[in-house]
Amino acid sequence: MSVRPLLLLDVDGPLNPYRARFLRHRGYVTHRLRPADWSARQVPGSRRLRRGLRVRLHPAHGARLLALPYDLVWATAWMHEANDMIAPGLGLPEALPVIEWTRLFARDPDGLFWKTRQVVEWADGRPFVWVDDLITGLDVRHVADSHPGPALLLPVDPRRGLREYDFARLERWARSL
Ligand SMILES: [Mg+2]
């Protein structure tokens, strides 16, 4: 029996298109959330803190992702709060595995994205697709050189979020294994 590939999911960018201007017509729903790290950086009692952080999610994306032939994993700075706060807005179960970053936002000596080395360690040779808005060519090269199995790094424009084109590409890539 073959092993299903992993689908490593970033939140801000692919699922919350934080740079988009017009989303309502595309079916996104606006949520106001208070993740712990964000809340700690706000002025206590401020209007901004009371209102919460704006996050826009598509309620059909959970079903779309679950229908793909992958095992879903959170690969986001939201970490466990992705299960608690993001999953309900997408219609995902609240118990997906989470990559627990040990070098959150740390500067990489070779200019890699701070997630990249740990993504490779976490995948541990298993085929994976990594969906994120901050992937660069350096990360693509690092994964090609250091990950022994198939991998696809799928950059997503944070103005657009995941699109039909991306879902189709995910389907095709899994079938090609
Ligand atoms: Mg992101």
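This is a predicted model: local features need pLDDT of at least 70, side-chain atom pairs count only at pLDDT 80 or more; totals for chains, interfaces and linings use all residues.
Trainee: OK. At what angle do the axes of α5 and α6 cross?

Mentor: At roughly 30°. Helix α5 covers residues 116–123, and helix α6 covers residues 137–146. Their axes come within 10 Å. The angle is under the cut-off, so α5 and α6 are roughly parallel to each other.

Trainee: Is the crossing left-handed or right-handed?

Mentor: Right-handed, as α5 passes α6.

Trainee: Which residues make the contact?

Mentor: From α5, Thr116, Arg117 and Val120. From α6, Asp139, His142, Val143 and Ser146. Two of the contact residues are nonpolar, three polar and two charged.

Trainee: New topic. What volume does the largest pocket have?

Mentor: About 440 Å³.

Trainee: How many residues line the largest pocket?

Mentor: The lining has 21 residues. Asp12, Thr76, Ala77, Trp78 and Phe105 lie nearest the pocket's centre.

Trainee: And which helix gives the most to that lining?

Mentor: Helix α1, residues 36–40. It gives three residues.

Trainee: How does the lining divide into nonpolar, polar and charged?

Mentor: Twelve are nonpolar, one is polar and eight are charged.

Terms used: Residues are numbered from 1 along each chain as its sequence is written. Side-chain values use heavy atoms; hydrogens and water are left out. On a 1 Å grid over the protein atoms alone, a cavity is a set of points where a 1.4 Å probe fits but cannot get out, and a pocket is an open set with protein on both sides within 12 Å along at least five of seven lines; lining residues have an atom within 4 Å of a point. Grid points are joined across faces, edges and corners, and a volume is the space filled by probe spheres set on the points. Helices (H or I, at least four residues) and strands (E, at least two) are DSSP runs, numbered from the N terminus. Ala, Val, Leu, Ile, Met, Phe, Trp, Tyr, Cys and Pro count as nonpolar, Asp, Glu, Lys and Arg as charged, and the others, Gly among them, as polar. Axes are lines fitted to C-alpha atoms, for helices over the stretch in contact, and angles run from 0 to 180 degrees between N-to-C directions. Angles under 35 degrees count as roughly parallel, over 145 as roughly antiparallel, 65 to 115 as roughly perpendicular and the rest as oblique. A crossing is left-handed if the near helix is turned anticlockwise from the far one by less than a right angle, and right-handed if clockwise. Contact means heavy atoms within 4.5 Å.
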